[in-house]
Amino acid sequence: MNLPVVSVILLVVSTVHAFQYTELAQYIDSHQEEYVEALRDWVAIESDSSNVQKRPELHRMMEMTAQKLRLMGGTVELVDIGEQELPDGQTVTLPKVVTAQFGNDPSKVTVCVYGHVDVQPAKLEDGWATEPYNLTDINGNLYGRGASDNKAPVLAWIHAVGAYQALNMELPVNVKYVIEGMEETGSNGLDAMILAQRDTFFSDVDYIIISDCSWLSRRPALTYGTRGNCYFFAEVEGPKQDLHSGVYGGTVIEPMTDLIGILDTMINPSGKILIPGIREAVAPLSDEEWKMYQDIEFDVENYKSKIGVSHLMYTNKVDLLAHLWRYPTVTIHGIEGAFSDRGTKTVIPLRLSLIYHVIFLYPVVVMLQVTDYLHSVFAKRKSPNKLKVTMVIGAKPWLADPQQALYEAGKAAVRRVFDMEPDLIREGGTIPIAKTFQDVTGKSIIMMPIGGFDDGLHSQNEKMSRYNYIEGTKLFIAYLNEVSKIQKTSV
Ligand SMILES: *[C@@H]1O[C@H](CO)[C@@H](O)[C@H](O)[C@H]1NC(C)=O
Ligand SMILES: [Zn+2]
C-alpha cells in the first residue's frame, strides 16, 4: 500500500474541485477599504455620456477600466465603435467599448459580464447633500453619481475575478467582460459592435450576465425581465417669432395650447393608455404570474413613504408590480422652449417640444402607433401650426425564463451568500442591450443585481451601500462557481 501517493492525488483533486468560498469571502472582507477606494477613483470621473462637453472624461473612464483589467492579466481590447452624430449635424467620437477575457479553457463554461461606466448627469445644485463626484461614506452608504448605476457592480465583478487570482485559485469558468460608456443615452454603437463580433468575441460565450439593476427590497433578487422604452419628441411650431401675449393673444392659435391639447390625449387620470393598440399588445397577467407576484417581498406602505405620496395608481401589490414591470405607460418628461423662469413673462412661444416616452412595446410598432395617433388627434384641432413627432430612442423589452439552469445557479449563489431565497423580479426600467444580446448572440441572459432598492439611480443622492457592494462581490464569486456546474451540453 502506498499511502503518500494516494494522499497527493487527493490533494490535487481537492484543489481543483473544492470551492473554497470561506477563503474567498474572507479575502473580500479584508480588502473592503481597497474596493471602496477603487470606487472612489471611478466615481471621481464625470463620465456623463449625455453631455458632449464631458466626452474626454468618458474616454478617460474607458481607458481606466481597460487598464485595471490589463493589470490583472486579462486579454483586453478597446474597441472603436465610431462616431456619434449630434442633432446639429456635428460628430463626436463614441467612447470605446472595453472587452476583456480571463481564461480560455474550452472545457469550461464561458460567461460574459456586461456593464457600463458612464453615468447620468449630476450637479450639487440639483439637490445633492454631498458632492456627486466625490464618493462620501455616510453610515455605511457610499454616496456618489454612478456608485450603484453601474460602477460598483462593474468593480465587484472585476474584484470577484481578482480574488480568485490573488488566492491562486483557478477560475471555475472563463470570464469575459463587455463594458461600454453610452448606456445612459441608449448604448449608441453597441448593437453594431455585438453584431460585428458575434462570431469572434461572443462565439464561445455560453451566458451573459448583467448587474445593472436593483433589488426590490432588502431581499436579494434575480431579474428576469425589463420593459422597453420609446422616447419621443413632439414639436409644435407656430408663428415665426415669440409674440407679446397682450398684443397678439386671442388672435393667434397658440402652439402651447395645441401641445397641451394633444398631451392630454395620451393617458387618462386612472393610468389607462389612450393610444390605440399599445395596451392591447401586452398579454394579460397569467394565474402563474399572479402567484409569483403575490410571493414577492414588496411593502406598499414603505414604497409610498419612500417616494413621499399618499396614494398610488393602484392599491394592491400585484397590480402595482404588474404596472411597474410588464404593462406599458406614458411619461411626460418636459417641455422645451416654454417659459420656466420665475416671474411673469407674457409671451407666446413660437415653438415647443414635448419630451415624453412610452414604455414597453417593440419600438417599430410603438413608433407608428404613437406618431399616427398624435397626428390624427392634432388634425382634429384644425390648427395651422405644424406638428412633428420623432422617436429618438427605441429600446426593446427583454424577458427570460426564471426556471432555467442559469437562474437555478443564481438562486444557489444567493443561498450560499445570504442564506435565503432570492425574489424573482422584473425591472420597470430598460437595459436596451439585453434584447440585442439575446437576439444577436442567441445566448441566455441572467440579470443579477446587487444594488439596493433605495439607491436613487438617476436621482439625487445616488448611493451604494458597503453591505451591498461587499456582499455583492461575494455573490459574484459564488455565482462563478455555481454556473460552472451547468453542463455545457444543456446550453
Ligand atoms: C471630498 O470630500 C471630502 C470630505 O468632505 C473632502 O475632504 C475632499 O477634499 C473632497 N475631495 C474632492 C476631490 O473634492
Ligand atoms: Zn445602468
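In this predicted model, helix α9, which covers residues 287–294, and helix α11, which covers residues 317–325, have axes that come within 9 Å and cross at roughly 110°. Angles from 65 to 115 degrees count as roughly perpendicular, and α9 and α11 are therefore roughly perpendicular to each other. On the α9 side the contact is made by W290, Y293 and Q294, and on the α11 side by V318, L321 and A322. Sorted by class, the residues of this contact are 5 nonpolar and 1 polar, with no charged residue.

The domain assignment gives three entries: domain 1 is 3–227 + 398–490, domain 2 is 229–266 + 327–395, and domain 3 is 283–324. Between the C-alpha centres of domain 1 and domain 2 the distance is 38 Å.

How far can the coordinates be trusted? The mean pLDDT of the protein is 90, and 93% of its residues reach 70 or more. Residues 1–16 have a pLDDT below 50, and this stretch has 1 contact in the model beyond near neighbours in sequence.

Another helix pair is formed by α2 (residues 21–30) and α15 (residues 466–484). Their axes come within 10 Å and cross at roughly 150°. An angle over 145 degrees counts as roughly antiparallel, and α2 and α15 are therefore roughly antiparallel to each other. Their crossing is right-handed. Helix α2 contributes Y21, L24, A25, I28 and D29, which meet I470, T473, K474, I477 and A478 of helix α15. This contact has 7 nonpolar, 1 polar and 2 charged residues.

Helix α3 (residues 32–43) packs against helix α5 (residues 147–166) at an angle of about 135°, and the two axes are 10 Å apart. That angle makes α3 oblique to α5. The crossing of α3 and α5 is right-handed. Here Y35, A38, L39, W42 and V43 in α3 meet A147, K151, A152, L155 and H159 in α5. The contact comprises 8 nonpolar residues, 1 polar residue and 1 charged residue.

One is a cis peptide bond, which joins D149 and N150 and has an omega of about 15°. Of these two residues, N150 lies in helix α5. The other detail concerns N168, which is found in the loop between α5 and β8 (174–180). N168 has a positive phi of about 55°, although N168 is not a glycine.

In words, α9 and α11 are roughly perpendicular, α2 and α15 are roughly antiparallel, and α3 is oblique to α5.

Technical notes. Residues are numbered from 1 along each chain as its sequence is written. Chains are lettered from A and ligands numbered from 1 in the order in which they are written. This is a predicted model: local features need pLDDT of at least 70, side-chain atom pairs count only at pLDDT 80 or more; totals for chains, interfaces and linings use all residues. Axes are lines fitted to C-alpha atoms, for helices over the stretch in contact, and angles run from 0 to 180 degrees between N-to-C directions. Helices (H or I, at least four residues) and strands (E, at least two) are DSSP runs, numbered from the N terminus. Angles under 35 degrees count as roughly parallel, over 145 as roughly antiparallel, 65 to 115 as roughly perpendicular and the rest as oblique. A crossing is left-handed if the near helix is turned anticlockwise from the far one by less than a right angle, and right-handed if clockwise. Two residues are in contact if their C-beta atoms, placed from the backbone, lie within 7 Å. Ala, Val, Leu, Ile, Met, Phe, Trp, Tyr, Cys and Pro count as nonpolar, Asp, Glu, Lys and Arg as charged, and the others, Gly among them, as polar. Domain bounds come from an automatic or database domain assignment. pLDDT is the predictor's confidence in each residue, from 0 to 100.
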